[in-house]
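Please read this report alongside the sequence and the model. It takes up the pocket, the sheet, the core and a few single residues in turn.

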Amino acid sequence: MVQGRWHSGSIRNISDGGAYISSFRGEQFSPSEEIFLVARIRVLRDQLRGKIAWVGPHGMGVEFHATNPLD
C-alpha cells in the first residue's frame with residue numbers, strides 16, 4: 001500500500017534491511033514515500049513497513065523500518 005492504495009508487485013530480492021520490488025502495472029512512485037507490504041511467502045509472517053528508497057524503470061528499492069521483525 002502506497003498513499004492509501006493497494007498495488008500489485010513481486011518481491012525479487014529481500015534482506016533484513018530491504019527489498020527490490022518489481023511492479024506489474026507501471027505505477028509511478030517516488031523516493032521517500034511510505035510503503036506497507038503484505039508478503040505472501042512462508043518466511044515472512046508479519047507485514048512490513050518501510051519507505052521507497054529508489055525508483056527504477058522496472059521496480060523500486062524499499063528500505064524497511066528498523067522495527068520490522070524478520071525472524
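The largest pocket of this predicted model holds about 550 Å³ of space. Its lining is made up of 21 residues, and those closest to the pocket centre are His7, Ser8, Gly9, Ser10 and Val38. Among the elements of the chain, S1, S2 and S3 each supply at least two residues of this lining.

The strands themselves belong to an open sheet of 5 strands, in which the order is S1-S2-S5-S4-S3 and the pairing is antiparallel. At the edges stand strand S1, residues 9–14, and S3, and because each has a single partner strand, one side of each is left without a neighbour in the sheet. On average, and with direction ignored, neighbouring strands of this sheet are turned by 40° against each other. In general, the strands of a sheet pair through backbone hydrogen bonds, in either a parallel or an antiparallel way.

Two of the pairings can be followed in detail. S1 and S2 are paired in the antiparallel sense over 5 bridges, and a hairpin of 3 residues joins S1 to S2. Within this pair, Gly9, which is also one of the residues closest to the centre of the largest pocket, has Ser23 in S2 as its bridge partner. S2 also pairs with S5, again in the antiparallel sense and over 5 bridges, and here Tyr20 stands opposite Gly61 in S5.

Leaving aside residues up to four places away in sequence, Tyr20 touches Ser10, Ile11, Arg12, Asn13, Trp54, His58, Gly59 and Met60. The C-alpha atoms of Tyr20 and Ala53 are separated by 9.9 Å, although the two residues are 33 residues apart along the chain.

The largest nonpolar core has 11 residues, namely Val2, Ala19, Ile21, Phe29, Ile35, Leu37, Leu48, Ile52, Met60, Val62 and Phe64. Two or more of these residues come from each of S2, strand S3 (34–37), strand S4 (48–55) and strand S5 (59–64), and the largest share, 3 residues, is given by S5. One of the core residues, Val62, touches Gly17, Gly18, Ala19, Ile21, Ile35, Leu37, Lys51 and Ala53 when residues up to four places away in sequence are not counted.

Finally, two residues stand out by their backbone angles. Most residues other than glycine have a negative phi. Gln3, however, which is not a glycine, has a positive phi near 50°, and Ser32, also not a glycine, has a positive phi of about 80°.

| Residue | Phi | Location | Relative accessible area |
|---|---|---|---|
| Ser32 | about 80° | loop between S2 and S3 | 55% |

Technical notes:
Residues are numbered from 1 along each chain as its sequence is written. This is a predicted model: local features need pLDDT of at least 70, side-chain atom pairs count only at pLDDT 80 or more; totals for chains, interfaces and linings use all residues. Side-chain values use heavy atoms; hydrogens and water are left out. Contact means heavy atoms within 4.5 Å. A nonpolar core is a set of buried Ala, Val, Leu, Ile, Met, Phe, Trp, Tyr and Cys residues joined through side-chain atoms within 4.5 Å. Buried means under 20% relative accessible area, exposed over 50%, partly exposed in between (1.4 Å probe, protein chains only). Helices (H or I, at least four residues) and strands (E, at least two) are DSSP runs, numbered from the N terminus. Two strands pair if DSSP finds at least two bridges between them. Axes are lines fitted to C-alpha atoms, for helices over the stretch in contact, and angles run from 0 to 180 degrees between N-to-C directions. On a 1 Å grid over the protein atoms alone, a cavity is a set of points where a 1.4 Å probe fits but cannot get out, and a pocket is an open set with protein on both sides within 12 Å along at least five of seven lines; lining residues have an atom within 4 Å of a point. Grid points are joined across faces, edges and corners, and a volume is the space filled by probe spheres set on the points.
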